[in-house]
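My entries follow in the order in which I looked things up.

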Protein chains: 4
Amino acid sequence: MIILIKNKGAVMESTKDLEKYTYNLLAERGVTLEDIAELVLYVQKPYMPNLTIEECREHVASVLSKREVHNAIITGIELDKLTEQNKLSQPLQGIVENDESLYGIDEILAFSIVNLYGSIGFTNYGYLDKVKPGIIKKLDSKAGGHCNTFLDDLVGAVAAAAAGKLAHNEPHRVRHALAEEKA
Amino acid sequence: MIILIKNKGAVMESTKDLEKYTYNLLAERGVTLEDIAELVLYVQKPYMPNLTIEECREHVASVLSKREVHNAIITGIELDKLTEQNKLSQPLQGIVENDESLYGIDEILAFSIVNLYGSIGFTNYGYLDKVKPGIIKKLDSKAGGHCNTFLDDLVGAVAAAAAGKLAHNEPHRVRHALAEEKA
Amino acid sequence: MIILIKNKGAVMESTKDLEKYTYNLLAERGVTLEDIAELVLYVQKPYMPNLTIEECREHVASVLSKREVHNAIITGIELDKLTEQNKLSQPLQGIVENDESLYGIDEILAFSIVNLYGSIGFTNYGYLDKVKPGIIKKLDSKAGGHCNTFLDDLVGAVAAAAAGKLAHNEPHRVRHALAEEKA
Amino acid sequence: MIILIKNKGAVMESTKDLEKYTYNLLAERGVTLEDIAELVLYVQKPYMPNLTIEECREHVASVLSKREVHNAIITGIELDKLTEQNKLSQPLQGIVENDESLYGIDEILAFSIVNLYGSIGFTNYGYLDKVKPGIIKKLDSKAGGHCNTFLDDLVGAVAAAAAGKLAHNEPHRVRHALAEEKA
């Protein structure tokens with residue numbers, strides 16, 4: 001029994017440790033909490049005119065504290081990095097390298113993050129994916145030989161989730177924004 | 001035993017009957033196969049330049065032949081109609097009437113259609129939901145006192161699903177389109 | 001502009017109000033917080049031997065505080081009640097009345113709750129759906145002419161979600177339980 | 001332009017090629033079409049008493065002809081194989097190696113297959129995951145040092161999807177089965 005516990009203990013990271021590791025991975029790939037907070041501000045400000053960057057940061061941090069989110073991010077970035085190092089088998093290597101539009105597994109991982117905050121996040125996600133503002137644009141350009149097939153979708157998903165969380169936490173602020181907008 | 005079978009038989013519609021009923025419901029709410037085919041052409045043509053309206057029609061018809069799709073559409077339209085007739089309890093009546101942005105159940109039903117064709121449909125869905133071309137615009141305007149809280153999302157979902165199906169059925173046509181576009 | 005705000009204001013319930021309304025609806029349909037907490041204990045105790053009913057109650061209450069959960073529950077129960085009152089159109093009336101196995105919209109609403117807590121909840125959900133312990137059995141028996149086509153799935157989903165939340169909040173307690181179980 | 005097309009052409013596999021590659025991968029990991037067909041028979045026969053193994057094979061083959069399914073399977077098996085070869089970074093290497101219960105990405109990929117056939121597949125999936133009949137048991141036992149963290153879930157998902165497709169294709173056979181069962 002003791003051996004079993006030790007074995008498991010060796011690999012079972014605390015959620016806090018996984019969180020730290022996720023932030024480090026994101027930093028290594030050129031993505032900061034601030035970058036994602038700016039995406040949230042971009043996508044949510046039209047509906048919440050008095051939204052501040054501090055609130056966005058806070059909600060991104062909350063999304064990034066979830067174990068389900070860590071798991072999706074560390075798996076996606078691992079696949080991106082293995083692709084850069086040419087370590088995947090064919091045809092998967094080529095598919096991820098070229099961010100093939102019919103692949104879809106990058107979006108499956110991203111949706112697993114968005115889903116945690118209900119259906120409201122999906123419109124935000126789709127919008128970010130089309131417009132590609134800020135850090136998403138930068139990731140998409142593959143500057144410096146990086147493969148970000150998974151990462152750009154994951155970052156968009158974290159931002160969309162944080163925006164959805166903001167709307168759900170403060171429904172009355174959302175309503176006022178809409179009323180003013182339509183007026 | 002015979003009674004049980006007869007009981008079940010009384011309610012278990014054939015998929016063909018449900019399909020006919022779904023088309024009738026859509027027609028009653030002002031939506032034709034042609035309307036949805038035009039959405040598909042709109043959203044998919046940039047990726048498949050030689051796409052024809054006939055192909056779009058055919059793929060919409062294929063989506064509309066699925067029992068899962070019938071179930072989502074007849075449930076959503078039922079809720080729209082009951083709302084028009086003021087027959088839902090409060091607060092649900094008010095929530096659906098006003099297409100409240102935090103409701104999300106309309107999108108949940110729509111996603112159940114998009115999901116049937118993989119993750120590729122979600123970008124199309126999000127795009128149609130933002131741009132609101134053709135019939136979606138018309139449904140959204142609530143002309144004539146209609147409540148289309150569910151219907152506009154369901155129609156967008158059928159179109160997005162059909163576009164995704166087109167891309168999956170003919171991956172090589174999608175590729176050529178992209179190559180030419182970038183050239 | 002003022003009219004718009006007032007209009008919106010009339011229907012936009014606070015999340016707290018929706019929560020109260022959801023509890024009332026559940027009570028009206030014979031489901032208490034305690035019933036759901038017992039499902040959580042049943043499904044999660046094998047993995048967390050020192051789990052208490054108090055903790056289960058607390059996590060069910062947390063799931064039941066989410067607006068996405070309220071929306072799914074009030075929509076599902078509304079459809080159950082309209083079916084009891086014979087107020088849906090055919091063929092939907094018959095389909096919901098008979099809890100037709102190919103319908104699936106009841107499960108779509110339930111999954112929208114489970115999804116909020118990640119993929120871990122789905123195994124619990126499937127298990128509860130097969131074994132039908134406690135309140136789920138009672139709802140499924142349709143005692144007293146009630147239609148619970150949506151409600152039994154929704155209750156199972158809330159319990160599965162709460163169990164998933166427990167596991168995610170206390171990963172180390174889950175691990176110990178597994179180690180001891182295997183020893 | 002020519003270069004672009006050639007580049008894309010180099011990696012864009014036809015769906016038929018991906019299908020062949022997927023079967024080869026499954027065979028390499030010890031899974032045959034027959035193994036999965038037997039899971040379908042096991043899970044669906046109670047609802048369709050006259051179901052034959054030939055029909056099961058046919059429906060599994062149909063599920064395995066979809067590009068979305070190929071993508072999920074080749075990605076999951078790649079991660080299993082990289083784990084066996086100790087080629088993932090920590091902590092992901094340990095998480096996949098130990099099939100950690102809070103990981104959930106294996107189930108996310110599996111659900112992307114089940115989702116293609118509607119909500120009906122999820123109960124079958126949950127049931128197979130609990131009972132672990134046939135090939136799933138064998139994969140789960142990790143005989144011979146194999147890591148099948150992703151593969152067992154993917155195989156269960158293909159079987160659950162095929163069972164769901166059977167039910168949807170022949171609703172009247174499902175109904176008769178239920179009527180007889182209850183009689």
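**Entry 1. The model.** I note at the start that this is a predicted model.

**Entry 2. Chain D against chain A.** I looked up how many residues each chain brings to this contact. Chain D gives 30 residues and chain A gives 30 residues. The area buried between the two chains is about 2800 Å². Carbon and sulfur atoms give 67% of that area.

I then asked how many salt bridges cross the interface of chain D and chain A. The rule finds two. I also looked at Glu100(A) and Arg67(D), whose side chains meet in a salt bridge with an N to O distance of 3.1 Å.

**Entry 3. Chain A against chain B.** Here the contact takes 19 residues from chain A and 19 residues from chain B. Between them about 1700 Å² is buried, and carbon and sulfur atoms give 67% of it. I looked for salt bridges across the interface of chain A and chain B, and the rule finds zero.

**Entry 4. Salt bridges over all chains.** By the rule, the count over all chains comes to 28 salt bridges. I picked out Glu28(C), which forms a salt bridge with Lys81(C). The closest N and O atoms of that pair are 2.9 Å apart. Glu28(C) lies in helix H2 (residues 15–28) of chain C and Lys81(C) lies in helix H5 (residues 67–84) of chain C, so the pair ties together parts that are 53 residues apart in sequence.

**Entry 5. Helices H3 and H10 of chain A.** I looked up how H3 (residues 33–44) of chain A packs on H10 (residues 151–169) of chain A. The angle is about 55° and the axes are 9 Å apart. That angle makes H3(A) oblique to H10(A), and the crossing is right-handed.

From H3(A), the residues in the contact are Ile36(A), Leu39(A), Val40(A), Val43(A) and Gln44(A). In H10(A) they meet Val155(A), Val158(A), Ala159(A), Ala162(A), Ala163(A), Leu166(A) and Ala167(A).

**Entry 6. Helices H3 and H10 of chain D.** I then turned to H3 (residues 33–44) and H10 (residues 151–169) of chain D. Their axes come within 9 Å and cross at roughly 55°. H3(D) and H10(D) are therefore oblique to each other. H3(D) passes H10(D) in a right-handed crossing.

H3(D) makes the contact with Ile36(D), Leu39(D), Val40(D), Val43(D) and Gln44(D). On the side of H10(D) there are Val155(D), Val158(D), Ala159(D), Ala162(D), Ala163(D), Leu166(D) and Ala167(D). The contact of H3(D) with H10(D) has eleven nonpolar residues, one polar and no charged.

**Entry 7. Helices H7 and H8 of chain C.** The crossing of H7(C) past H8(C) is right-handed.

Glu107(C), Ala110(C), Phe111(C) and Val114(C) of H7(C) meet Gly121(C), Phe122(C), Tyr125(C) and Asp129(C) of H8(C). I sorted the residues of this contact by class: five are nonpolar, one is polar and two are charged.

**Entry 8. Backbone.** Most residues other than glycine have a negative phi, and most peptide bonds are trans. I looked up some exceptions.

- Gln90(C) and Pro91(C) are joined by a cis peptide bond, with omega about 5°. Pro91(C) sits in the loop between H5 and helix H6 (92–97) of chain C.
- In chain D, a cis peptide bond joins Gln90(D) and Pro91(D), and omega is about 5°. Pro91(D) lies in the loop between helix H5 (67–84) and helix H6 (92–97) of chain D.
- Asp99(B), a residue other than glycine, has a positive phi near 50°. Its place is in the loop between helix H6 (92–97) and helix H7 (105–114) of chain B.

Technical notes:
Residues are numbered from 1 along each chain as its sequence is written. Chains are lettered from A and ligands numbered from 1 in the order in which they are written. This is a predicted model: local features need pLDDT of at least 70, side-chain atom pairs count only at pLDDT 80 or more; totals for chains, interfaces and linings use all residues. Side-chain values use heavy atoms; hydrogens and water are left out. A crossing is left-handed if the near helix is turned anticlockwise from the far one by less than a right angle, and right-handed if clockwise. Helices (H or I, at least four residues) and strands (E, at least two) are DSSP runs, numbered from the N terminus. Contact means heavy atoms within 4.5 Å. Ala, Val, Leu, Ile, Met, Phe, Trp, Tyr, Cys and Pro count as nonpolar, Asp, Glu, Lys and Arg as charged, and the others, Gly among them, as polar. Buried area is the accessible area (1.4 Å probe) that two parts lose on being put together, summed over both. A salt bridge is a side-chain nitrogen of Lys or Arg within 4 Å of a carboxyl oxygen of Asp or Glu. Axes are lines fitted to C-alpha atoms, for helices over the stretch in contact, and angles run from 0 to 180 degrees between N-to-C directions. Angles under 35 degrees count as roughly parallel, over 145 as roughly antiparallel, 65 to 115 as roughly perpendicular and the rest as oblique.
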